[in-house]
Amino acid sequence: MYAFTTRSDFTRKPSMTTSRIAFIGLGTMGYPMAGHLANAGHTVTVYNRTTAKAEQWTQTYTGQLALTPADAAQDADFIFTCVGNDDDLRQVYSGENGILSNVKAGAILIDNTTASAEIARELSALAAEQGVHFLDAPVSGGEAGAVNGCLTVMVGGDEATFERAKPVMDCFAKATTLMGDTGFGQITKMANQLCIAGVLQGLSEAITLAQSAGLDIEKMTEVLKHGAAGSWQLENRAATMANNSFDFGFAIDWMRKDLGICFDAAEKRNVDLPLAKQVDAKYAELQQRGYSRADTSVLIKQFDDESR
């Protein structure tokens with residue numbers, strides 16, 4: 001697993017000004033993302049459903065914890081959310097002691113959750129009623145990207161709001177891009193997850209064939225990464241897949257959740273996703289074999305003897 005670094009281990013990313021920030025959700029991604037914001041000099045208040053995780057965060061970084069999303073949001077200029085799914089978002093925004101019950105006028109709400117485009121539009125409308133702004137801003141780059149502050153952020157929303165928020169998001173990102181109106185960030189993330197599913201299926205097949213012939217996988221990776229087959233998954237996962245190592249990264253439980261969002265969106269648009277559905281079915285089988293928390297690259301185990 002990637003080790004969480006302490007405040008002294010980070011290189012601070014410069015920020016034009018410092019702001020009061022709330023960060024809701026300290027999971028695998030949110031924990032280090034909030035840390036980068038604190039280490040950039042912002043005043044950060046965190047909330048997590050499990051209070052012990054928020055207490056741990058405050059022992060690692062400079063900041064304070066709140067006991068409800070509403071308390072965290074009080075007086076914040078920017079409010080980040082990074083939770084599990086659409087229902088979790090409704091709870092932290094509109095539930096009892098939710099963000100929208102205690103947000104100040106003019107604040108910017110930034111949701112980094114991978115969720116549906118519909119929930120993004122729903123929350124944006126609710127935010128507008130409160131006189132605040134909303135951006136859907138899912139991220140890609142995995143746990144390593146979050147820890148190292150080099151995530152890709154794909155954003156939907158108003159351009160003026162995006163320009164105000166971009167320097168803050170850049171604290172944990174290597175690329176932050178406005179993709180279009182509200183919901184377009186989530187649509188872009190869907191495309192990202194579909195690409196990953198396809199690449200991992202191809203990589204699983206390629207490694208299985210190469211190993212059956214006795215090919216050196218590290219040498220193969222070094223050659224292929226410079227050609228048309230080059231990809232992040234090839235460079236970062238081929239060796240670990242070949243070595244049967246999957247105890248890290250993005251769990252297939254979460255990938256199947258994301259693919260479900262893709263399937264719902266595709267159905268509404270009469271779009272077929274045959275390869276993604278094939279991969280999802282293989283992930284379902286792997287869940288039954290006990291690999292629910294394994295990295296998505298465990299897809300290669302569809303070809304091992306145990307699966308036959």
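User: Before we start, how do you know which residues can be discussed?
Analyst: This is a predicted model, so local features need pLDDT of at least 70 and side-chain atom pairs count only at pLDDT 80 or more, while totals for chains, interfaces and linings use all residues. Residues are numbered from 1 along each chain as its sequence is written, and side-chain values use heavy atoms, with hydrogens and water left out.

User: What is the mean pLDDT of the protein chain?
Analyst: pLDDT is the predictor's confidence in each residue, from 0 to 100. The mean for the protein chain is 94, and 94% of its residues reach 70 or more.

User: Where does pLDDT stay under 50?
Analyst: Over residues 1-12, for which the model still has 30 contacts beyond four places in sequence; contact means heavy atoms within 4.5 Å. Where pLDDT is low, the predicted coordinates should not be read in detail.

User: Happy with that. Why is Q201 called buried?
Analyst: Buried means under 20% relative accessible area, exposed over 50%, and partly exposed in between (1.4 Å probe, protein chains only). Q201 has 3% relative accessibility, so it counts as buried. Q201 lies in helix α8, residues 184-212; helices (H or I, at least four residues) and strands (E, at least two) are DSSP runs, numbered from the N terminus.

User: What makes the pair Q201 and Q302 a polar contact?
Analyst: A polar contact is a pair of N or O atoms within 3.5 Å; within protein, one must be able to donate a hydrogen and the other to accept it, and residues adjacent in sequence count only if both atoms are side-chain atoms. The side chains of Q201 and Q302 are joined at 2.9 Å, so the distance meets the 3.5 Å limit. Leaving aside neighbours within four places in sequence, Q201 is in contact with L275, Q278, V279, L299, Q302 and F303.

User: Which residues touch the most other members of the largest nonpolar core?
Analyst: A nonpolar core is a set of buried Ala, Val, Leu, Ile, Met, Phe, Trp, Tyr and Cys residues joined through side-chain atoms within 4.5 Å. Of the 34 residues in the largest one, F23, L37, W57, F80, I110, M169 and F172 touch the most other members. Helix α1 gives the most to this core, with five residues. Leaving aside neighbours within four places in sequence, F80 is in contact with residues including I21, L37, I110, M169 and F172. A second, separate core of 31 residues includes I207, M241, M255 and V298.

User: Why is α1 described as largely enclosed by the rest of the structure?
Analyst: Ten of the ten residues of α1 are buried, so the helix is largely enclosed. Among them are G30, Y31, P32 and L37. After α1 comes G41, whose phi is positive, near 100°.

User: How do you know that D77 and K104 form a salt bridge?
Analyst: A salt bridge is a side-chain nitrogen of Lys or Arg within 4 Å of a carboxyl oxygen of Asp or Glu. The side chains of D77 and K104 meet at 2.8 Å, N to O, so the pair qualifies. D77 lies in the loop between α3 (69-73) and β4, and K104 in the loop between α4 (86-94) and β5, so the pair ties together parts that are 27 residues apart in sequence. D77, at 25% relative accessibility, counts as partly exposed, and K104, at 32%, is partly exposed too.

User: What makes E118 and K268 a link between distant parts of the chain?
Analyst: Their side chains meet in a salt bridge of 3.5 Å, N to O. E118 sits in helix α5 (residues 117-129) and K268 in helix α11 (residues 252-268), 150 residues apart. E118 is partly exposed at 33%, whereas K268 is exposed at 57%. A search of the whole structure finds 14 salt bridges.
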